[in-house]
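Trainee: Hi! Could you walk me through this one?
Mentor: Happy to, let's look at it together.

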Amino acid sequence: MAASGRQKRLSDFQIYVTRTMNVYRTGPPTVRLSMRAMTVNDADAFLALCGNPQVMRYTHEPLTESLDQARESLRCYPDFDDVGFGRWGCYLNETGQMIGFCGLKRLPDLAEVDVGFRSRPQSVAVRHRAR
């Protein structure tokens, strides 16, 4: 009986959080970049980023291997709906090209929040040359 009562309270809490939390699907605008929640329409750029061994070298995550896998990862990304924040895609204002992502990621197994980013190697080189 206690287990079902706890399950009920958790469910009520999730409903409360969903109704009352702020959801930040866009990041602060900058002169160079726009930041927003990624969608399945970003799957090509997401695959180019997360399928790149150089980008993924220190993430301890497997490479994204196909466009279908990239679409599924983006479609199933729960953080904005579950906790109100997440990782934003970073897009060049001049071209609209996605060059990476940044933001917060909930790590439920650790009860922690990770601050992270990934960027395409050529985008980092362009930024340093522009300065």
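Trainee: Is threonine 64 buried or exposed?
Mentor: Threonine 64 is buried, as its relative accessible area is 10%. Buried means under 20% relative accessible area, exposed means over 50%, and partly exposed is in between, with a 1.4 Å probe and protein chains only.

Trainee: Where is threonine 64 found?
Mentor: In the loop between helix H3 (53-56) and helix H4 (67-75). Helices (H or I, at least four residues) and strands (E, at least two) are DSSP runs, numbered from the N terminus.

Trainee: And what does threonine 64 touch?
Mentor: Not counting residues up to four places away in sequence, threonine 64 touches Phe46, Leu47, Cys50, Gly51, Gln69 and Ala70. Contact here means heavy atoms within 4.5 Å. The C-alpha atoms of threonine 64 and phenylalanine 46 are separated by 8.5 Å, and these residues are 18 apart along the chain.

Trainee: Before we go on, what should I know about the model?
Mentor: This is a predicted model: local features need pLDDT of at least 70, side-chain atom pairs count only at pLDDT 80 or more, and totals for chains, interfaces and linings use all residues. Residues are numbered from 1 along each chain as its sequence is written, and side-chain values use heavy atoms, with hydrogens and water left out.

Trainee: What is the average pLDDT?
Mentor: The protein chain averages 83, and 77% of the residues score at least 70. pLDDT is the predictor's confidence in each residue, from 0 to 100.

Trainee: How much of the chain is buried?
Mentor: Buried residues make up 29% of the 131 residues. Among the contacts with a separation of 6 or more, 54% come from residues 24 or more positions apart.

Trainee: Back to H4. How do the axes of H2 and H4 cross?
Mentor: The axes of helix H2 (residues 43-50) and H4 come within 9 Å and cross at roughly 105°. Axes are lines fitted to C-alpha atoms, for helices over the stretch in contact, and angles run from 0 to 180 degrees between N-to-C directions. H2 and H4 are therefore roughly perpendicular to each other, a label for angles of 65 to 115 degrees.

Trainee: Which residues make that contact?
Mentor: From H2 there are Ala43, Asp44, Phe46 and Leu47, and from H4 there are Leu67, Ala70, Arg71, Ser73 and Leu74.

Trainee: What about methionine 35, buried or exposed?
Mentor: Methionine 35 is buried, with a relative accessible area of 12%. Its place is in strand S1 (residues 33-37). Leaving aside neighbours within four places in sequence, methionine 35 is in contact with residues including Thr26, Pro28, Trp88 and Cys102. Methionine 35 and arginine 25 are 10 residues apart in sequence and 8.5 Å apart in space, C-alpha to C-alpha.

Trainee: What is the phi of histidine 60?
Mentor: The phi of histidine 60 is near 60°, a positive value in a residue other than glycine. Most residues other than glycine have a negative phi. Histidine 60 sits in the loop between H3 and H4 and counts as exposed, at 79% relative accessibility.

Trainee: And what about the phi of alanine 111?
Mentor: Alanine 111 has a positive phi of about 55° although it is not a glycine. Alanine 111 lies in the loop between strand S3 (98-107) and strand S4 (112-119), and is exposed, with a relative accessible area of 69%.

Trainee: Last one: where is threonine 39?
Mentor: Threonine 39 is in the loop between S1 and H2. Threonine 39 counts as partly exposed, at 34% relative accessibility.

Methods. Parallel < 35°, antiparallel > 145°, perpendicular 65-115°, else oblique.
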